[in-house]
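Please look through the sequence and the structure shown below before reading on.

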Amino acid sequence: MSENRRSRTEIRKIRESQQKNHKKPIKKWLKWGIISIFTLFFAGLVFGAGLFFYYASSAPELNEELLKDPISAEFYDMNGELFATIGVENRKYVEYDEIPQEMVDAILATEDVRFFDHFGIDLFRLGGAVIANFTGGFGSQGASTITQQVVKNSFLSNEKTLKRKAQEAWLSIQLERMYDKEEIFEMYFNKVLISGNIYGFATGAEYFFGKELNELDLDEIALLAGMPQSPNNYNPFKNPDRAEKRRNIVLSLMVQHGKITEAEAEEAKKIDVASRLLPEEQRKGVAGTKYDAFLDIVLNEIEDRDPSLLSEGIKVYTTLDPKAQTTVENIMNNASNFPTETIQSGVAVVDTTSGALRAIGGGRNYGAGRGYNYADDAKRPPGSTMKPLIAYGPAIEYFKWSTGKTIVDEPHTYSNGKQFGNWDGKYFGPITIREALYASRNIPAVKILQEVGLNQAKEFISKLGIERDEIVEADAIGGGKIELSPIEIAAAYAAFGNNGVYNKPYAIKEIVFRDGSKISYKPDPVVAMNDYTAYMVTDMLRDVVSSKRNATGTAARVSGLDIAGKTGTTNYGADEFRKYNLPSTAVPDSWFVGYSTNYSIAIWSGYEKRSEPITTWDERRLPQVLFSKIMGEISQGKETKRFAKPNSVVEVTIEVGTEPLKLASKNTPSELRRTELFVRGTEPKEVSDAYEEVDIGAPFNLQAVNQVFGVVDLTWDYTIPEDYEGSDVQYEVSMQSDDGKSSVVTITADKHASISGIEAGKTYTFTVVAIIGENRSTPASVSITIDGGITEPDVELPDDAEEPSTDHPPNHNGNNGNQGNPNGNNGNNGNNGNNNGNNNGNPNNGNNNDFDDWFSPGGEGNVVNPPNGPTPPGEASKHD
């Protein structure tokens with residue numbers, strides 16, 4: 001056994017041998033791994049260098065003219081016609097020696113602090129960008145030097161590709177070899193876009209401050225140096241607060257890089273930006289286009305993508321409708337269309353079906369300086385224009401409410417107990433949501449939002465481009481947290497006219513670069529709601545511009561067009577009434593948003609300063625008046641279809657006030673009969689029995705005679721029941737012709753009627769119903785066929801007599817005040833119960849409650865007694 005045992009020495013030797021054999025493969029693999037890495041690195045280096053030189057070989061030649069002058073950008077309308085060119089026109093060129101050193105320091109600290117040290121490419125910034133691109137994806141961070149920016153803006157497209165970056169790097173190195181640093185800086189200094197159509201820092205100094213470069217102070221220099229990063233966002237005329245924040249960042253960068261001291265920076269930061277700017281009356285105009293307000297929106301969209309695009313010689317194909325834009329500008333620039341010299345308005349015209357912006361009214365006499373654009377920059381509380389968006393729309397979408405749904409207009413509070421009220425301090429009691437909307441009652445709107453819930457309402461408006469982290473109940477009447485521009489609200493309302501499909505508003509269809517590459521801008525449509533919601537809201541909003549009592553938008557009516565819309569006003573807070581010493585009738589904002597199947601138009605009106613209030617009827621109605629003019633003119637010669645009722649919606653005549661809604665019976669009084677809309681499948685089946693049938697007999701011996709051309713004479717008899725002796729009896733006469741349309745032609749106390757407008761060759765059926773109080777009799781009917789044998793008799797007139805007009809047939813019945821009125825049997829003009837009235841009637845029926853949007857000042861806060869309403873025209877002296 002001892003023979004089989006190994007000594008300790010042998011065992012140790014065996015183990016040592018095994019360990020040696022094990023180490024050899026590790027060293028071997030490590031050696032080959034290192035060789036492979038170096039090989040791959042070298043191969044990658046060779047491949048990268050080859051690819052770099054391949055791309056560089058196709059780079060364009062350096063051209064001094066392109067290096068020094070901005071390349072013009074061209075803008076085309078929806079028809080492909082050129083309407084604007086932006087380039088070298090507005091520029092003041094300066095030599096490097098004329099640039100103050102402090103200006104050079106500010107630009108270098110902001111854009112390229114090692115400019116005078118690198119060879120066109122900053123390897124330190126490049127390394128940081130490479131790391132960022134590995135972690136955030138290619139193109140997530142740039143490392144462009146001033147030299148590279150000059151090259152890119154002069155010769156290359158803006159695409160973030162390896163080819164473009166390689167060509168940019170190659171040309172930058174070549175540019176540094178051909179020109180001194182000072183010459184390259186001069187190119188950048190005069191070529192860079194400052195804002196709008198302003199190129200070069202010297203031009204910017206003169207435009208914004210009215211100064212030469214050597215007259216600028218440190219805070220002004222810092223402001224200009226920071227603008228090229230986002231020219232429109234940092235435009236101090238439009239956005240002084242943003243410009244100030246950017247200026248302070250530049251001042252901090254100057255301290256960081258040792259250009260100025262901390263004390264100098266802090267002193268400059270104390271200066272208010274607005275106080276430094278050139279006063280408005282001294283600002284110089286710049287060469288512009290006839291469509292400057294629209295171009296401003298286009299430039300905003302370009303800047304949101306990349307401000308440097310404007311320096312690349314791009315062709316921009318826009319959605320501009322030149323006819324619509326010219327109409328808007330002509331109306332906005334005509335002083336006679338405005339009640340005061342200083343009241344302002346912002347206008348947005350959006351294509352209902354696509355969301356394409358067709359025209360923009362940036363303000364009265366809007367110029368090319370890219371000042372405050374009231375169509376886009378004006379974010380204001382929307383007043384009652386929010387009601388369909390945040391309350392009525394969601395209620396129909398989520399609960400499938402009928403337009404005849406009953407809601408009670410009564411004293412009410414927000415959920416937190418705070419009070420608010422209607423503009424007139426009155427309450428209508430039980431009414432339909434249709435009437436609550438077209439009469440713009442505040443309490444029903446808040447009640448509906450409370451029932452819908454804030455979360456569902458927020459979800460609904462988010463699909464209409466209105467995304468907010470938080471909404472409050474006061475948003476139901478436009479007095480909460482939400483503020484909108486005319487462009488935003490016009491696009492939101494367009495979804496109602498587009499079967500519930502929302503399109504984000506856009507002004508650019510396509511951008512074409514110098515190399516032929518293209519970028520498409522059209523957003524994808526979003527199904528924001530069901531088609532039944534869109535149509536039912538639209539049908540209720542038709543009534544806003546109707547001749548119905550309490551309709552608030554009568555001045556916006558356009559003859560011959562099927563239009564829906566909503567008025568809106570906002571209110572001052574209690575503290576503002578005291579601070580500005582305002583009259584009780586004062587409001588800061590007035591709105592109207594309306595749409596057809598072709599266009600959605602939103603108009604805001606008010607004053608530049610909040611302390612200047614709207615106080616008169618004419619000021620309040622201004623958005624409606626402008627809407628009517630603009631919509632009417634741009635719709636001329638263009639087919640405008642009516643809003644089509646989808647198959648998901650049905651019409652039913654109901655008895656107002658029943659809960660749940662019930663069908664109207666034959667005994668339901670006419671004033672309680674309404675034809676309302678229902679989501680198919682939710683319409684009522686039960687007939688109301690609130691009004692018992694009372695037999696009051698029926699007319700008899702009804703006869704129809706056609707003895708006079710174009711006239712039928714009716715006679716009948718009727719015996720008043722004993723229980724109703726002494727009661728007044730009215731007779732409702734209806735007529736139905738071959739085409740099947742039935743209409744009430746007269747209501748009379750006589751037992752005869754003459755009906756004119758009768759045509760030969762047709763058969764007419766006449767029905768007579770006796771009415772005693774709220775009771776209606778069984779109808780009596782008679783038919784008559786008018787043959788062609790009766791001819792109009794010739795009548796000899798005296799020489800001096802005037803031939804009677806045939807435009808309006810004479811009324812042969814002294815009681816026929818409603819002759820030919822298509823009123824149906826429900827008092828709703830047969831238009832889905834909404835008496836649209838777009839095609840007739842006085843645009844101001846005396847019932848226009850301009851204080852449609854009164855709510856307690858302070859959002860959901862303090863209770864303030866509502867005003868008595870603005871002074872009607874002609875009575876202003878009573879309150880002076």
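Which residue in β26 is the bridge partner of Thr765? The bridge partner of Thr765 in β26 is Ser783.

## About the model

This is a predicted model, in which local features need pLDDT of at least 70 and side-chain atom pairs count only at pLDDT 80 or more, while totals for chains, interfaces and linings use all residues. Residues are numbered from 1 along each chain as its sequence is written, and side-chain values use heavy atoms, with hydrogens and water left out.

## The chain as a whole

The protein chain has 22 helices and 26 strands, where helices (H or I, at least four residues) and strands (E, at least two) are DSSP runs numbered from the N terminus. Of its 880 residues, 53% count as buried; here buried means under 20% relative accessible area, exposed means over 50%, and partly exposed lies in between (1.4 Å probe, protein chains only).

The accessible surface of the protein chain comes to about 40,900 Å², and 48% of that belongs to carbon and sulfur atoms; such areas come from the Shrake-Rupley method with a 1.4 Å probe, and for residues only the protein chains shown count as cover. Among contacts between residues at least 6 apart in sequence, 71% join residues at least 24 apart, a contact being heavy atoms within 4.5 Å.

## Strands and sheets

Strands of a sheet pair through backbone hydrogen bonds, either parallel or antiparallel. In this report, two strands pair if DSSP finds at least two bridges between them. Strand β24 (residues 763-772) is joined to β26 by six bridges, and the two run antiparallel. Strand β26 (residues 780-785) has a covered face made of Ala780, Val782 and Ile784, whereas Ser781, Ser783 and Thr785 make up its uncovered face.

An open sheet of three strands has the order β19-β20-β23, with antiparallel pairing. Its edges are β19 (700-708) and β23 (752-756), each of which has a single partner strand, so one side of each is left without a neighbour in the sheet. Neighbouring strands of this sheet are turned by 20 degrees against each other on average, direction ignored; the axes behind such angles are lines fitted to C-alpha atoms, for helices over the stretch in contact, and angles run from 0 to 180 degrees between N-to-C directions. Between β19 and strand β20 (residues 711-717), which run antiparallel, there are five bridges, and Phe700 stands opposite Asp717 in β20.

Another open sheet has five strands in the order β2-β1-β5-β11-β12, and its pairing is mixed. The edge strands here are β2 (82-86) and β12 (518-520), each pairing on one side only. Strand β1 (residues 73-76) runs antiparallel to β2 and is joined to it by four bridges, with Ala73 opposite Ile86 in β2.

## Helices that cross

Helix α7 (residues 181-191) is mostly covered, since nine of its eleven residues are buried; among them are Ile184, Phe185, Tyr188 and Phe189. The axes of helix α3 (residues 101-111) and α7 come within 12 Å and cross at roughly 85 degrees. That makes α3 roughly perpendicular to α7, given that angles under 35 degrees count as roughly parallel, over 145 as roughly antiparallel, 65 to 115 as roughly perpendicular and the rest as oblique. In this crossing, Met103, Val104, Ile107, Leu108 and Glu111 in α3 meet Phe185, Tyr188 and Phe189 in α7. The residues of this contact divide into seven nonpolar, no polar and one charged, where Ala, Val, Leu, Ile, Met, Phe, Trp, Tyr, Cys and Pro count as nonpolar, Asp, Glu, Lys and Arg as charged, and the others, Gly among them, as polar.

Helix α9 (residues 218-226) and helix α10 (residues 240-256) have axes that come within 8 Å and cross at roughly 105 degrees, and α9 and α10 are therefore roughly perpendicular to each other. The residues of the contact of α9 with α10 divide into eight nonpolar, one polar and three charged. The α9 residues in this contact include Leu218, Asp219 and Ala222, and those in α10 include Arg246, Arg247 and Met254.

## Backbone details in loops

A cis peptide bond, with omega of about 0 degrees, joins Glu659 and Pro660, and Pro660 has its place in the loop between β17 (649-655) and β18 (673-679).

Lys400, in the loop between α15 (387-399) and β8 (406-409), has a phi near 55 degrees, a positive value in a residue other than glycine. Lys400 is partly exposed, with a relative accessible area of 40%. Asn550 also has a positive phi, of about 75 degrees, although it is not a glycine; Asn550 lies in the loop between α20 (531-542) and β14 (564-569) and, at 7% relative accessibility, counts as buried.
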